[in-house]
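The sequence and the structure come next.

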Amino acid sequence: MGRRLRAAGRELRSPVTLLLVVACVVAGVWAALVLTPDQDVEAFGQQISVGVQPPSATASGPPRIVQIGNTSLDVPDVTIYGPIRPQLSIGPVQRNETAGSAFESLADGDSPTEALSAIVSGFEQWFGKATLILVAVVLGVCGLVGSLRVLATLRFTARRSGAGARPAVIARRLSRTLTSSTITALGVSLLVWGVCGVLAVAGAQELRSARSLTDLTGAHHVTPSPVGPTVSGVRGVVIGDSRVARLGGTPAPDASPEDVACARSTDSLARQLGAAIRDDVLNLACSGARITGGLRAPQQTGGVTVPPQIGRLKQVEDPAFVVVAVGPNDLNWTDLIGYCYAVTDCADNFTAGEFSYRLAAFDRDYADLLADLATLPSKPRVVVMTSYDVLKPDARCSTARGPLQYPGLTPEEIQLLADRNARLNGVLAAGAARYGFDVVAPPLTPLCEPSPDGLGPDLQSLEDPHPFHPTGVGELRLAIPVVDRIGLPPAAAPPPG
């Protein structure tokens, strides 16, 4: 053993071998980093690809998370020395059953060790494959350099002796040298690679304390600033879109230009709630509102610039509750319904992918909205309203048939829309549950179904000015589950018994 180590030391002192070792280390590590494919794992309820960052000239750097189609985020307060710096690639974040379980474990204060174990396992698989690539590249470089050395030696010997030398003699003479240099280059390359791996694992130990993707990337949330005058004397606030502004209702006699532009009516959800609890409820909902244009940013409608509803909400002094109705506008739901009316079969891959993309974008925006609501100083009770189905698959009325020039909705298309609406409601419910907010489902009777109490339809039909929006009766029904959650004041509560 001592003789071999001395031989390896002598070999390293050879300029040719030293250059070979440097070339093998550089080429082998670079190829391992660039050519090894990312390993796909499931963690935090998401599909994540585990790999490393491209080589750079810096001696250290942080791990990185790349959100496909969006941005790259460095993991804060973690430094990796050496070229192996982990990188996690993730598509648009989805809330699904697995992710919901992860969120529940976070709420309980537990660390989702299975998710982190999956990431570690993915990195181990990546490192193993990268090592094989490094070995292959080092052997290839050594073989190429060895062949060049043999040819150079043959040429040099031939010139020196004049008569040439037998190749077999020269090959035997060089075999020991080439074998020794190859073993030395491979050994040093594996040693350097192993040290880089140890440095990467040591630097990434802090990732084991991560309990969510937010822990890995750091939180980045900028909430809208308060806007408008201070509002006092109201018990609750309604924010959202045309469903709760009550598009199609009668405007109040003292309606402001903003109220008119937003189509806030005298039988809006806020008015219905106020009548039920015998207190004032502020209506900030606006027709056409989205999270990114209406709730968390200004909205242009009817020639009026409406301030962000969250900004206005922050000027309300100590509201006891906030009702939230969002989702369909963010997904361009009207376009989806119109497309299904216009084609014979809207269950195509293109619209399915488009819906998934929009739902993922809404999921991110919705998370920001929930964070805004969770940080309100008065800690009001937040009630999130889900979306309703407008038709049942067996619907046979004129609204299901649609305009004469279009094929109309088939039972399969109605079911497809219901399934997509259920996916939207899943996102709404999962996000609300994460913050402990209430969720209510609108008890509205779909179109083509008879009214259960003879009061009239809950939704406007295609023959009405604003199809699929609640009627005055429907708005009253919307208030029922909300009142059930927020409770009636003592004076308005029915007598016991």
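## Basis and overall make-up

A residue is called buried when its relative accessible area is under 20%, exposed when it is over 50%, and partly exposed in between, with a 1.4 Å probe and protein chains only. On that definition, buried residues make up 45% of the 497 residues in the protein.

The model is predicted, so that local features need pLDDT of at least 70 and side-chain atom pairs count only at pLDDT 80 or more, while totals for chains, interfaces and linings use all residues. Residues are numbered from 1 along each chain as its sequence is written, and side-chain values use heavy atoms, with hydrogens and water left out.

Helices (H or I, at least four residues) and strands (E, at least two) are taken as DSSP runs and numbered from the N terminus; the protein has 15 helices and 14 strands. With contact defined as heavy atoms within 4.5 Å, 75% of the contacts between residues at least 6 apart in sequence join residues at least 24 apart.

A cavity is a set of points, on a 1 Å grid over the protein atoms alone, where a 1.4 Å probe fits but cannot get out, and its lining residues have an atom within 4 Å of a point. Grid points are joined across faces, edges and corners, and a volume is the space filled by probe spheres set on the points. The count by this rule is one cavity of 30 Å³ or more, and the largest cavity has a volume of about 130 Å³.

Of the 13 residues lining the largest cavity, Trp333, Asp389, Val390, Leu391 and Leu417 are the closest to its centre. Helices α11 (333-342) and α14 (411-435) each supply at least two residues of this lining, and α14 gives the largest share, four residues. By class, the lining has 10 nonpolar residues (Ala, Val, Leu, Ile, Met, Phe, Trp, Tyr, Cys and Pro), one charged residue (Asp, Glu, Lys and Arg) and two polar residues (the others, Gly among them).

## Individual residues

Most residues other than glycine have a negative phi. Lys379, in the loop between α12 (349-374) and β13 (381-385), has a positive phi near 50°, and Lys379 counts as exposed because its relative accessibility is 58%. Phe468, in the loop between β14 (438-440) and α15 (472-486), also has a positive phi, near 75°, but Phe468 is buried, with a relative accessible area of 15%.

Ala118 is placed in helix α4 (residues 113-161) and counts as buried at 18% relative accessibility. Leaving aside residues up to four places away in sequence, Ala118 touches Val41 and Glu42. Ala118 and Ile48 are 70 residues apart in sequence, yet their C-alpha atoms are 9.6 Å apart in space.

How values were computed. 1 Å grid on protein atoms, 1.4 Å probe; cavity = no way out; pocket = protein on both sides within 12 Å on 5 of 7 lines; lining within 4 Å.
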